[in-house]
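Here is a short note for someone opening this structure for the first time. Please keep the model in view while reading the points below.

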Amino acid sequence: MKYILFLCTDNYTRSITAEFCLRDYMQKHNLPLTVASAGFQADSDVSRFSDIHFKRMAELGIDTSTFTRTPFFEDMLDKYDVVVAMGREHQDYIKTQYNRSVPLFYEIYKNESQSVTVPPPDSAGTYLKSIERMVDEMYEAMPVLVRNLISLESDRKNLQSDRKNPQSDRIKLFNK
């Protein structure tokens with residue numbers, strides 16, 4: 001596994017945060033991975049969105065100076081070794097439009113089938129704290145996420161090896 005893509009709607013909050021948290025982790029641990037993010041509506045108007053996630057990442061020492069929004073294209077499903085959906089709606093879209101399955105962020109991180117959510121703005125500003133907590137959680141999740149991605153890749157390679165060697169299925173059956 002060398003190429004990882006985080007996928008969300010606008011490619012502004014969730015997928016960007018995951019991308020830059022993983023980039024930071026990779027740099028600190030000298031990991032040879034390529035990470036990116038994309039959105040189905042990466043050309044949408046985000047002027048009403050908060051940039052609190054960028055501020056929180058800066059507080060954590062994460063450099064986001066290379067930030068650009070990237071539109072999702074179908075060929076990305078083949079270009080990246082792992083495409084990670086930030087929400088069920090993204091996972092469902094990929095399944096419906098391209099008949100492909102992609103895991104959710106939380107499926108890889110915690111083995112839980114839940115979306116990373118960003119609450120809508122509220123007059124009290126409590127959504128800002130929720131976004132900061134999302135950044136903190138993603139930042140803290142990176143060691144486990146990377147370990148689980150490596151494990152996922154190992155499992156996938158083993159499955160491919162088993163498909164190439166039909167006798168391995170028989171061996172497994174006899175060794176149960």
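1. **Cysteines.** This is a predicted model. Start with Cys21: its relative accessibility is 1%, so this residue counts as buried, the limit being under 20%. Cys8 is buried as well, at a relative accessible area of 3%. How many disulfides does a search of the whole structure find? The search finds zero.

2. **Overall make-up.** The protein chain has seven helices and three strands. Along the sequence, the pattern reads β-α-β-α-α-β-α-α-α-α. The chain holds 176 residues, and 44% of them count as buried.

3. **Reach of the contacts.** Take the contacts between residues at least 6 apart in sequence. Of these, 73% join residues at least 24 apart.

4. **The sheet.** Three strands form an open sheet, in the order E2-E1-E3, and the pairing is parallel. Which strands stand at the edges? They are E2 (34-39) and E3 (82-85). Each has a single partner strand, so one side of each lacks a neighbour in the sheet. From one strand to the next, the twist averages 20°. As a general point, strands of a sheet pair through backbone hydrogen bonds, either parallel or antiparallel.

5. **Strand E1.** E1 covers residues 3-8. With E2, E1 pairs in the parallel sense over six bridges. With E3, E1 also pairs in the parallel sense, over four bridges. Cys8 has Gly39 as its bridge partner in E2. Leu5 stands opposite Val83 in E3. E1 is mostly covered, with five of its six residues buried.

6. **Helix H1.** H1 runs over residues 14-29 and packs on the sheet. The helix touches E1 and E2. Its direction makes about 175° with that of E2. Asp24 belongs to H1. Is Asp24 buried or exposed? Asp24 is buried, with a relative accessible area of 8%, because buried means under 20%. Leaving out residues up to four places away in sequence, Asp24 touches Gly61, Ile62 and Tyr139.

7. **Helix H2 and what follows.** H2 spans residues 52-59. Its buried residues include Ile52, His53, Phe54, Arg56 and Met57. Gly61 follows H2 and has a positive phi, near 85°. Gly61 has come up already, as one of the residues touched by Asp24.

8. Glu132 lies in helix H6, which runs over residues 126-164. What does Glu132 contact, apart from its neighbours within four places in sequence? The residues are Ile52 and Arg56. Both are among the buried residues of H2. Glu132 is itself buried, with a relative accessible area of 17%; the cut-off is under 20%, so the label applies.

9. **Helix H4.** H4 takes in residues 88-98. Which of its residues are buried? They are His90, Gln91 and Ile94. These residues cover an arc of only 105° around the axis, so they lie on the same side of H4. They pack against E1, H1 and E3, and also against helix H3 (76-79) and helix H5 (105-110). Just after H4 comes Asn99, with a positive phi of about 50°.

10. **Arg48.** Arg48 sits in the loop between E2 and H2. Arg48 is exposed: its relative accessible area is 62%, and exposed means over 50%. How far apart in space are Arg48 and Pro121, C-alpha to C-alpha? The distance is 9.0 Å, while 73 residues separate them in sequence.

11. **To look at again.** Trace the sheet order E2-E1-E3. Then find H1, which packs on the sheet. Next, turn to Glu132 in H6 and its contacts Ile52 and Arg56. Finish with Cys8 and Cys21: Cys8 is buried, Cys21 counts as buried, and the structure has zero disulfides.

Conventions. Residues numbered from 1 in each chain as written. Predicted model: local features only at pLDDT ≥ 70, side-chain atom pairs only at ≥ 80, totals over all residues. Heavy atoms only, no water. Buried < 20%, exposed > 50% of the residue type's maximum accessible area, 1.4 Å probe, protein only. Helix = DSSP H or I, 4+ residues; strand = E, 2+ residues; numbered from the N terminus. Disulfide = S-S within 2.5 Å. Pairing = 2+ DSSP bridges. Axes fitted to C-alpha atoms, helices over the stretch in contact; angles between N-to-C directions. Contact = heavy atoms within 4.5 Å. Arc of directions from axis to C-beta.
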